[in-house]
Amino acid sequence: MIDDLYSAKLLRLAANLPRLGRLAAPDASVEKIAKLCGSRVVVDVVVEGDRVADFAQEVKACALGQAAASVLGSHVVGASLPELEVAVRQFRAMLKEGAPAPDGRFSDLAMLAPVKDYPARHASTLLAFEAVTEAVRTATTRTSPAGAA
């Protein structure tokens, strides 16, 4: 069972995180910490229109959290807030309920389906997706005409 969890593909993703670091002038930044294990993710986003135009992340997490952050970093540029909200909802349902993996640009998260059997790992695995969704929501609110004061 543990071999299913830590596949060679997952470990490769965890070892090769794209878009590491911080952005010089992000529209929003969010830090998320998993209380149970102390995993930490900080994301920076730049949003143009309704899409992520630039993204960076700092990830101090287990291999599962790193693998999820790797999928995110590889595919997040160009994503919209609704697309991210659907992805995080589908990802959470996959982990908590055994639902199908997210579809579309984040379908690689399917490799994390075995994490379902390890509830203590759910929070760290979801961190990066929860952080980017919150960051894009914040950036969109700040930059939208309705959010302007």
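This briefing describes the sheet, the nonpolar core, the aromatic pairs and the cysteines of one structure. The model is predicted. An open sheet of three strands runs in the order β1-β2-β3 with antiparallel pairing. The largest nonpolar core has 46 residues, and α5 gives the most to this core. Phe91, Phe106 and Phe129 form one aromatic cluster, and the count of disulfides is zero.

**The sheet**

- Strands of a sheet pair through backbone hydrogen bonds, and the pairing is either parallel or antiparallel.
- Here the strand order is β1-β2-β3, and the pairing is antiparallel.
- β1 and β3 stand at the edges with a single partner strand each, so one side of each has no neighbour in the sheet.
- On average, and with direction ignored, neighbouring strands of this sheet are turned by 15° against each other.
- β2 is mostly covered, with seven of its nine residues buried.

**The pairing of β1 and β2**

- β1 and β2 pair in the antiparallel sense over six bridges.
- Val30 stands opposite Val43 in β2, and Ala28 stands opposite Val45 in β2.
- The hairpin of β1 and β2 has six residues between the strands.
- In this hairpin, Gly38 takes a positive phi near 85°.

**The pairing of β2 and β3**

- β2 and β3 pair in the antiparallel sense over nine bridges.
- Val46 stands opposite Asp54 in β3.
- The hairpin of β2 and β3 has two residues between the strands.
- In this hairpin, Gly49 takes a positive phi near 65°.

**The nonpolar core**

- In soluble globular proteins, nonpolar side chains tend to be buried together.
- The largest nonpolar core of this structure has 46 residues, and Val45, Phe91, Phe106, Leu112 and Val132 touch the most other members.
- The elements that give two or more residues to this core are the helices α2 (8–15), α3 (63–75), α4 (81–97) and α5 (122–143), together with the strands β1 (28–33), β2 (40–48) and β3 (51–60).
- α5 gives the most, with nine residues.
- Val45 is in contact with Leu23, Pro26, Asp27, Ala28, Asp54, Phe55, Val132, Ala135, Val136 and Ala139, leaving aside its neighbours within four places in sequence.
- Val132, one of these contacts of Val45, is also among the core residues that touch the most other members.

**The aromatic pairs**

- The structure holds two aromatic pairs.
- The ring centres of Phe91 and Phe129 are 5.5 Å apart and the ring planes are at 75°, so this pair is edge-to-face.
- Phe91 lies in helix α4 and Phe129 in helix α5, so this pair ties together parts that are 38 residues apart in sequence.
- Both Phe91 and Phe129 are buried.
- Phe106 and Phe129 form an edge-to-face pair, with 5.2 Å from centre to centre and 85° between the planes.
- Phe106 lies in the loop between α4 and α5 and Phe129 in helix α5, so this pair ties together parts that are 23 residues apart in sequence.
- Both Phe106 and Phe129 are buried.
- Phe91, Phe106 and Phe129 make up one aromatic cluster.

**The cysteines**

- The sulfur of Cys37 has its closest cysteine sulfur in Cys62, at 5.8 Å.
- A disulfide is a pair of cysteine sulfur atoms within 2.5 Å, and the distance of 5.8 Å is too far for a bond.
- The closest cysteine sulfur to that of Cys62 is likewise in Cys37.
- The count of disulfides is therefore zero under the cut-off of 2.5 Å.
- Cys37 counts as partly exposed, because its relative accessibility is 43%.
- Cys62 counts as buried, because its relative accessibility is 19%, and the cut-off for buried is under 20%.

**A buried serine in a loop**

- Ser80 is found in the loop between α3 and α4.
- Ser80 is buried, with a relative accessible area of 8%.
- Leaving aside its neighbours within four places in sequence, Ser80 is in contact with Asp50 and Arg51.
- Arg51 falls within the range given for β3 (51–60).

Methods. Residues numbered from 1 in each chain as written. Predicted model: local features only at pLDDT ≥ 70, side-chain atom pairs only at ≥ 80, totals over all residues. Heavy atoms only, no water. Core = buried A, V, L, I, M, F, W, Y, C linked by side-chain atoms within 4.5 Å. Buried < 20%, exposed > 50% of the residue type's maximum accessible area, 1.4 Å probe, protein only. Helix = DSSP H or I, 4+ residues; strand = E, 2+ residues; numbered from the N terminus. Contact = heavy atoms within 4.5 Å. Pairing = 2+ DSSP bridges. Phe/Tyr/Trp six-rings, centres within 6.5 Å; stacked < 30°, edge-to-face > 60°. Axes fitted to C-alpha atoms, helices over the stretch in contact; angles between N-to-C directions.
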